Amino acid sequence: MKREPLERLLGCGDETSLAALSALRAGASYVVWDGTTSAKSLATIYGRRLRHTLRRGIETSGLARAVQRLDLYGRPVRLGQITAADRSWTFMLFLDEDGSTLVACTGVRQTQPRPARPGA
């Protein structure tokens, strides 16, 4: 998938999609894989990830909403991923079969923010 159509899809989304768009525009790498996967099975997998991140205190964005949307979607989805240029966040994209609609988007922080330096 080319960058411009992906930017258009993300620009019509929620706060998490807009964060993914911002990362993309700031030089993030991205991929949208060929093939599809069951939205229901992904809802189960990402439901487990939600529970894991909550237990561990890992910062996420839009994960609960993505699980809900995948559970309700009922058709196969294509997967995509955006990795921020500084690798601080990874966003997972769930697109319809032909890649023309964003079904859901979630992000997970990959690094913990550094504490502010005294006097900074």
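**View 1. D34 and R78 meet through their side chains in a salt bridge, 3.9 Å from N to O.** The term salt bridge stands for a side-chain nitrogen of Lys or Arg within 4 Å of a carboxyl oxygen of Asp or Glu. D34 sits in the loop between β1 (29-32) and α3 (39-56), while R78 belongs to strand β3 (residues 78-83), and this pair links distant parts of the chain, 44 residues apart. Helices (H or I, at least four residues) and strands (E, at least two) are DSSP runs, numbered from the N terminus. D34 counts as exposed at 72% relative accessibility, and R78 counts as buried at 14%. Here buried means under 20% relative accessible area, exposed means over 50%, and partly exposed is in between (1.4 Å probe, protein chains only).

A word on the model: it is predicted, so local features need pLDDT of at least 70 and side-chain atom pairs count only at pLDDT 80 or more, whereas totals for chains, interfaces and linings use all residues. Residues are numbered from 1 along each chain as its sequence is written, and side-chain values use heavy atoms, with hydrogens and water left out.

**View 2. R25 and E7 join their side chains in a salt bridge of 3.8 Å, N to O.** R25 is in helix α2 (residues 15-25) and E7 in helix α1 (residues 3-11), so to speak two distant parts of the chain linked across 18 residues. R25 counts as exposed with 58% relative accessibility; E7, at 18%, counts as buried.

**View 3. A salt bridge brings together the side chains of D14 and R65, 3.4 Å from N to O.** D14 lies in the loop between α1 and α2, and R65 lies in helix α4 (residues 63-73), so this pair ties together parts that are 51 residues apart in sequence. R65 counts as partly exposed, at 38% relative accessibility.

**View 4. Helix α1 has L6, E7, L9 and L10 as its buried residues.** They are on the same side of α1, because they cover an arc of only 160° around the axis; the arc is that of the directions from the helix axis to the C-beta atoms. E4 and R8 are exposed on the other side of α1. The cover over the buried residues of α1 includes α2, β1, β3, β4 (89-95) and β5 (102-109).

**View 5. The largest nonpolar core has 17 residues, and L10, I82, F91, L93 and L102 have the most contacts inside it.** Two or more residues of this core come from each of α1, α2, β4 and β5. A nonpolar core is a set of buried Ala, Val, Leu, Ile, Met, Phe, Trp, Tyr and Cys residues joined through side-chain atoms within 4.5 Å. Neighbours within four places in sequence aside, L102 is in contact (heavy atoms within 4.5 Å) with L9, L10, S17, L93, F94 and L95.

**View 6. Y46 and F94 form an edge-to-face aromatic pair, 5.2 Å centre to centre with 85° between the planes.** Rings of Phe, Tyr and Trp (its six-membered ring) pair if their centres lie within 6.5 Å; planes under 30 degrees apart count as stacked, over 60 as edge-to-face and the rest as tilted. Both Y46 and F94 are buried. The charged end of R49 sits over the ring of Y46, 4.5 Å from its centre; this term requires NZ of Lys or CZ of Arg within 6 Å of the ring centre and within 35 degrees of the ring normal.
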